[in-house]
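Welcome, and please open your viewer. This tour tells you what to select at each stop and what you will find there.

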Amino acid sequence: MPPQRVYALPRQRSLLLPAVINPFAHDLNLTKAEKIKCFLLGIILVPLRGIFLLLVLMVMWPVSVMITFRQSLKGAVEPMTGWRRFMHKRVMTFLGRLYFFGMGFRVVVKGKQASSVKAPILAVAPHSSFFDAIVCIEAGLPSTVSRSESLEAPVFGRFLRCVQPVLVSRKDPDSRRNTILEIERRAKSGGHWPQVLIFPEGTCTNRSCLITFKQGAFVPGVPVQPVLIRYPNKLDTVTWTWQGPKSARLLLLTLCQLYTAVEVEFLPPQIPTEMEKKCPIKFAQSVRAVMAESLGLPVTDHTYEDCRLMIAAGELTLPMEAGLVEFTKISRKLELKWDSVKKELESFANIACSCKGGRITIEEFASFLKLPVSPALQELFTLFDRNGDGTIDFREYVIGVTVLCRPANNEEVIQTAFKLFDIDEDNCITQEEFSSLLRSALGVCDLDVHSLFEEIDTDGSGHITYDEFCSFALTHPEYAKLFTTYIELQRYQGLQGEEPDFDASLPHCCTASHNNHQEDSTSDKKDD
């Protein structure tokens, strides 16, 4: 019985699409009735609340100046004691609650906050708004992690000084390491320092899932108390994400609401195991799993780097969501750096520049390769198209190029391909030789390869040398996989008893290379 060819390859589950495709988008579309309601309430509430908030700020400002007078935030910083600590913990916390009350927030606190001895770190999620600062107020103004530039902000910079934040500086190359060391120093002070409150997601989402937690809160290996924040409102005027309303609009709409409900829930402290103390990633995943279960939300491997790719996609005139690839998972499993993924995004944009929606069809794929649609190209396209929807998105493109094309693009395959094209063995390929083999391989009689030939023939000599062929192949890995895919099709036809398009007894290195690098029937050649 002849061997059966399998066209739909099973995919590695860990590289399938996440439960939430885009956690960084928030659509706020008000109905006509909601607009009228906001307008009528806003006429009354916004002026009243504005005056009240101004009065509260006028009290908070001198209090914060008094607390932070001659208090250093750099060097050997020590926690506040005596009257400063009393003013900070009692007076500023009260004024903070008064401020959010004036904005219309109604806060319900569930659970019990642990002491700084039992849980030195508070991990708050999901992080979705600048209004999440309300958790800091309800937790008694613990220390936070903040950019050093934020201290220069008028008024609110002074308030931030009161919590003695752990400062992060973009200008200092050692800032990340120093920040983690400072968090660890405070967390292991035995209650000498107040708790450190951290938003481990590191960026705002739409609360549809929990994205990857950064390791900073979990490196010290001390107990962490998870804190959940919910906004159970019919109209969501608080979610501030990368794709959504601006902060000014959200603030105005929130002030126009009769009230905005907030729930803050303190879960029991999570104590790390010995393994989790040695591996902060596992501890972060464990805490995230507990929080996700309590919230009833899925988890994804999106990170702040995905947001950067979203911005880059927008700059390349692609839909912003095209940049979402779950960077942490992709970079770890495929061993890619951010710059490498950014470069692949630019290559993807070159192919998808003519299409709408940031997805490539087989016609556009063929056009980019300057080749007609053929069985070999359809086979390659199917390998890229992981979900079988007939298009390739950026995530599928990155996985395809890394797992399929680059491994096949080795020197052995390039040499074999060059020898096949070089029919008269004169160490160069003429346009006639180039066209002849491609016509045979792709089964197209009137194939025009002039533009592709000119792109490879960089010096315009009218023939392709091995160096030109190799240089082009290394920067266009899709062709290597197309070539090995074609060889595999020829081999399959030979096993079926069909007549191949040309001598099927090609050098063994082609089929061996292809077999070594093609996706397994059960995985992408990347361990889970």
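Two residues are in contact when they have heavy atoms within 4.5 Å of each other. Helices (H or I, at least four residues) and strands (E, at least two) are DSSP runs, numbered from the N terminus. You are looking at a predicted model, in which local features need pLDDT of at least 70 and side-chain atom pairs count only at pLDDT 80 or more, while totals for chains, interfaces and linings use all residues. Residues are numbered from 1 along each chain as its sequence is written, and side-chain values use heavy atoms, with hydrogens and water left out.

**Stop 1: helices H12 and H13**

Select residues 362–369 for H12 and 375–384 for H13. Which residues meet here? From H12 come Ile362, Phe365, Ala366 and Leu369, and from H13 come Leu377, Gln378, Leu380, Phe381 and Phe384. The two axes (lines fitted to C-alpha atoms, for helices over the stretch in contact, with angles from 0 to 180 degrees between N-to-C directions) come within 11 Å and cross at roughly 115°.

**Stop 2: helix H1 and its partners**

Now select residues 32–68, which form H1. H1 passes H2 in a left-handed crossing. Among the residues that meet are Phe52, Val56 and Met60 in H1, and Trp83, Met87 and Val91 in H2.

Next, show H6, residues 247–255, which packs against H1 at an angle of about 100° with the axes 8 Å apart. H1 is therefore roughly perpendicular to H6. Cys38, Leu45, Val46, Arg49 and Leu53 of H1 make this contact with Leu252, Leu253, Thr254 and Leu255 of H6.

Stay on H1 to find Leu40. Together with Ile36, Phe39, Ile43, Ile44 and Leu48, Leu40 makes a nonpolar surface patch of about 630 Å². Patches are made of residues with over 30% relative accessible area and no salt bridge, joining like charges within 9 Å and nonpolar side chains (Val, Leu, Ile, Met, Phe, Trp, Tyr) within 5 Å. The areas come from the Shrake-Rupley method with a 1.4 Å probe, and for residues only the protein chains shown count as cover.

**Stop 3: a salt bridge**

How many salt bridges does the structure hold? There are twelve, each a side-chain nitrogen of Lys or Arg within 4 Å of a carboxyl oxygen of Asp or Glu. Zoom in on Glu274 and Lys277, whose side chains form one at 3.5 Å, N to O. Both lie in H7 (residues 274–278), three residues apart, about one turn of the helix.

**Stop 4: two backbone details**

Most residues other than glycine have a negative phi, and most peptide bonds are trans. Select Ala125 and Pro126: the peptide bond between them is cis, with omega near -5°. Pro126 sits in the loop between strand E2 (121–125) and helix H3 (133–138). Then pick Leu141, where phi is near 55°, a positive value, in the loop between H3 and strand E3 (143–147).

Key
Left-handed = near helix turned anticlockwise from the far one by under 90°. Parallel < 35°, antiparallel > 145°, perpendicular 65-115°, else oblique.
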